[in-house]
Amino acid sequence: MDRRDFIRTTSAAATLTLAPDIINLSDGSSQDKKATTGDIPWYRRVTRWGQTNITEKDPANYDVDWWRKYWRSTALQGVIINAGGIVAYYPSNVPLHRQAQYLEGRDLFGDLCRAAHEEDLAVFARMDSNRAHEDFYKAHPDWFAIDGKGEPYKAGDLFITCINSPYYNEHIPAILTEIAKSYKPEGFTDNSWSGLSRDSICYCENCRKSFHNKTGFEIPLTVNWDDQAYREWIRWNYNRRLEIWDLNNKTTMKAGGPACIWSGMNSGSLIWQSESFRDYRELCQRAEIIMLDSQARSDTGGFQQNADTGKLIHGVLGWDKLVPESMAMYQAGRPTFRLASKPVPEARMWMIEGIAGGIQPWWHFVGASHEDRRIYHTPGPLFLWHKANEEFLINRKPVATVGVVWSQLNLDFYGRDQAEQMVELPWRGITQALVRARIPYIPVHADHIDSEAANLSLLILPNLGAMTDNQIAGVRKFVKNGGSLIATGESSLYNEWGDRRPDYGLSDLYGAHAIDQADANSDNSLRKRVPDTYHTYLRLVPDLGKNADGPSGMTEPDATGVRHSVFKGFDETDIISFGGILEPVKTDDGTDVLMTFIPQFPIYPPETAWMREPKTNIPGLILNRITAGGNIAFMPADIDRQFGRYNLPDHGKLLANLIRWAAKDKIPLAVECSGLIDCNIYRKNEFLILHLVNLTSAGTWRQPVDEYIPVGPVKVRVMLPEGVNARTLRLLVSEQKILFNSTNGWVEFVINSIIDHEVIVVS
Ligand SMILES: [Zn+2]
């Protein structure tokens, strides 16, 4: 950028009442000008997005020229612009489509859309279509959702529209058509397209009729997962969201041409997707692009949650499609301040972990002018790095030998109203253990085991309670073909409705059988008891107490003194803390029980803290020796849930040992250094791409991070996929030249230091 540009930029900014900022904007001369042309459709090419979420106060002061320069300076290829829905940011002729307050006749959407097109940027017209003002409600009360008492559902002063009403069948399509024809945006997205969530049942006439016609049931009066009417209501709701998705796409393509797609925003939280009736797998089979609204990390999930989400979505969407993600540059999460800048490392690490999982960056501001001007400096450096290196960041395939299995059906019908306890925590425990052990993995949808299996040596079922017969058959086939399996908790014990089976669907593989036929809803059931923490332990078998040098409470007369490799590093203990509970199972011949349960005993007062029942035969971990080929482990003890919840290193180490044993050490990567590093490997043509993200910081488990803590030296050994040769090695972040060795299909090298991340490309 030259001096003249800088002056032009700064003088434009200085004329604002609330000057967005005086910052160093680059000239954009090398910007990709092909966003709206070419053979590949725009939604496969546009990889950097920006969104200035317009507030109703913005129209008076929105400085389009300033933002054009900002788009260039961040190397954008597309923008998301507020268009219509609850309020319109353009002069609309659709009845009851109300103008945004303070718009005063300005065609702000039009101004921005034209400016973006002049900059060769793609435009996603952003809708927000789930509620309306009182005048609308009074004109069409039958278009709005009502509760069991006949009262309208409201959010603040606004009335919530019903997903089964003409609001979605006629009103929104009329707006989409008007915008598509008038402004020709490349496509449409919607902030809040899926109507009421699961916690609110609508009893309007439209819903009653549709539900009865399609299912024969009346709308359920209460939440009861054991009631078939409620279950059908869940499915019916999911199907309606798919209809909306299809209708909106049909509408925008008819009005704007075949590339004018509609892609409503989706969440990074599977629990929220479930509660919003948005089936990720079904939507991904329809979608050309997923607009991911997942702006910041949670303390419990960490930054690595973003890579996990990216891999999970690509697993059902395909790796050749794109998943841009709205990334908050303001202080989002815990707590939220819409107008204050988020610490740069916090914003940047979330973006980096997204990129590591195949997500494309999309900066997000709320409001078009900011007094905290630091916010404008946050995205630029990473966006420019992304532009320089994007050939290695998209359209690639993950390289991993471990697959962790998920399904939304399991969240709904097994997780029910306790999805965090029943489903999310076990998932988090397994995936965090994998990240800590630096073992690359991919999420695998339970219906996609066949298509993913070829490259995997191990499948993990993290308390995948509800499984269909087909999914069970898929796992069985995987094992029959030599694959290994780890299943935890109640995996395969329930059918697709969440009804308990007489025995685990995979009991033959586990070599273990359920013996307790207790009602799944009784107070004594696991479901009722998992939210609590118990003073329980697990005993490692064999007990080595007799060989210990010091005092030992227990001795094991027949102990051989040799333990299984899953207990590597646990030589000096015969017990580990547990904290959970488990269901007793009976085991088949040919199985080894490696851990047994020690029931709860008092913590207080300390004098009472001694084991009442130090030894039981209740299995906590079972290895099945009778299967040929793969290694099989069934772990009734919910160590995965406990690790997801409490982060105790023993639990993480044990899970990692178990995974290494089950994978028969077929893990294509070894990384040696201190710290927490998320490791993801990809393959693209003749390139191997290794993305190492340094998660080590003072804020690793408590946001925000405001300082990077470098790690290194980092010793790396990575296996070369067939067809990849190690002739050159590039570091895309530090751009250092380093030496490497390549022998026997592996390449080895040492990186001196990683500040936030490094991408290694071998070819
Ligand atoms: Zn309704």
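Predicted model: local features only at pLDDT ≥ 70, side-chain atom pairs only at ≥ 80, totals over all residues.
Q: What makes strand β18 mostly covered?
A: Five of the five residues in β18 (residues 484–488) are buried. S484, I486 and T488 point one way from the strand. L485 and A487 point the other way. All of these residues are buried.

Q: How do you know that β17 and β18 pair?
A: Two strands pair if there are at least two bridges between them. Four bridges join β17 (residues 458–461) to β18, and the two strands run parallel. One of the contacts is L459, whose bridge partner in β18 is L485.

Q: How do you know that β18 pairs with β25?
A: The cut-off is again at least two bridges. Four bridges join β18 to β25 (residues 632–635), and these strands run parallel. Here I486 stands opposite A633 in β25.

Q: Which elements make a β-α-β unit with β18, and what is its hand?
A: β17, helix α17 (residues 469–480) and β18 make the unit, and it is right-handed.

Q: Which atoms coordinate the zinc ion?
A: The SG atoms of C162, C202, C204 and C207 do, at 2.2 to 2.3 Å. Donors must lie within 2.8 Å of the metal, so these four qualify.

Q: Why is the zinc arrangement called tetrahedral?
A: Four donors count as tetrahedral if all angles lie between 85 and 135 degrees. The four donor atoms around the zinc ion subtend angles of 97 to 121°, so the arrangement is tetrahedral. The ideal angle for four tetrahedral donors is 109.5 degrees.

Q: How are the zinc donor residues spaced in sequence?
A: The spacing is C-x39-C-x1-C-x2-C. C162 and C204 link distant parts of the chain, 42 residues apart. C162 is in the loop between β6 (158–160) and α6 (166–183). C204 is in the loop between β7 (187–190) and α7 (205–215). Both C162 and C204 are buried.

Q: Why is L96 called partly exposed?
A: L96 has 33% relative accessibility, so it counts as partly exposed. L96 lies in the loop between β2 (78–85) and α4 (108–118). Its phi is near 70°, a positive value in a residue other than glycine.

Q: Is N647 buried, partly exposed or exposed, and why?
A: N647 has a relative accessible area of 27%, so it is partly exposed. N647 sits in the loop between α20 (639–646) and α21 (649–662). Its phi is positive, about 65°, although N647 is not a glycine.

Key
Residues numbered from 1 in each chain as written. Heavy atoms only, no water. Buried < 20%, exposed > 50% of the residue type's maximum accessible area, 1.4 Å probe, protein only. Donors = N, O, S within 2.8 Å, 3.2 Å for Na, K, Ca; no water. Tetrahedral: all angles 85-135°; square planar, octahedral: opposite > 155°, others 65-115°. Right-handed = clockwise from strand over helix to strand, strands pointing away.
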